[in-house]
Amino acid sequence: MLETIRPIELAVGLLAAGATLVGLYIGYQAFRAWGRHRDPSMRALALGLILLTAVTYSTSFVGTVLIHLRLLSLPQQDWFWLAVHASQFAGLALIAYALHRRP
C-alpha cells in the first residue's frame, strides 16, 4: 500500500507539473512564431523548450512513480534516467543552436 503523500512531495509534484505546463506554453508560442516567420531558429527553440521542460519533467515524473511502486528494477532505472538526461541534453543543445544560429 502506498504511504500518504508528505506536503513537501506534493509541493515538488505541483511545481514540476507547473513547470511542464509553462514549458509547453512557451514551446507552443515559439512554434506559433516559427509558423509566422519560418525561422528555423524558432523551430529549434520550440523543440528545445518542449524537450527540456515538458518531456523531461513528464518522463521524470512517470519514472519516479514507477520506482515508488517498485515496477522498475535497478538496471531499468539506470536506462530510464539516462533517457531523462538525454532528453534534457537534447533540449539544451537545441536551445543553444537556436541562440547561436546565424540567419
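A residue is taken as buried when its relative accessible area is under 20%, and by this criterion 21% of the 103 residues of the chain count as buried in the predicted model described here. The accessible surface of the chain amounts to about 7,600 Å², and carbon and sulfur atoms account for 71% of that area. The mean pLDDT of the chain is 88, with 96% of the residues reaching 70 or more. Among the parts of the chain, confidence is lowest in helix H1, which covers residues 7-37 and has a mean of 88, and highest in helix H3, which covers residues 74-100 and has a mean of 93.

The secondary structure consists of three helices and zero strands, and the order of the elements from the N terminus is α-α-α. The radius of gyration is 16 Å, well over the 13 Å that the globule rule gives for 103 residues, so the chain is more spread out than a compact globule. The C-alpha trace spans about 55 × 30 × 15 Å along its principal axes. Among contacts between residues at least 6 apart in sequence, 61% join residues that are at least 24 apart.

Helix H1 contains 31 residues, and the distance from its first C-alpha to its last is 45 Å, close to the 45 Å expected at 1.5 Å a residue. The buried residues of this helix are Thr20, Gly23, Gly27, Ala30 and Ala33, and the buried residues of H1 pack against helix H2, which comprises residues 40-68.

On the H2 side, threonine 53, which lies in that helix, has a relative accessible area of 15% and is therefore buried, given the cut-off of 20%. When neighbours within four places in sequence are left aside, threonine 53 is in contact with Ala19, Thr20, Gly23, Leu24 and Ser58; of these partners, Thr20 and Gly23 are among the buried residues of H1. A polar atom of the threonine 53 side chain also lies 2.6 Å from the backbone oxygen of leucine 49.

In helix H3, glutamine 77 likewise counts as buried, because its relative accessibility of 17% falls under the 20% limit.

Most residues other than glycine have a negative phi.

How values were computed
Residues numbered from 1 in each chain as written. Predicted model: local features only at pLDDT ≥ 70, side-chain atom pairs only at ≥ 80, totals over all residues. Heavy atoms only, no water. pLDDT = per-residue confidence, 0-100. Helix = DSSP H or I, 4+ residues; strand = E, 2+ residues; numbered from the N terminus. Buried < 20%, exposed > 50% of the residue type's maximum accessible area, 1.4 Å probe, protein only. Rg over C-alpha atoms; globule rule 2.2 N^0.38 Å. Contact = heavy atoms within 4.5 Å. Areas by Shrake-Rupley, 256 points an atom, 1.4 Å probe, with all protein chains shown as cover. Expected span 1.5 Å × (residues − 1). Polar contact = N/O pair within 3.5 Å; in protein donor to acceptor, adjacent residues only side chain to side chain.
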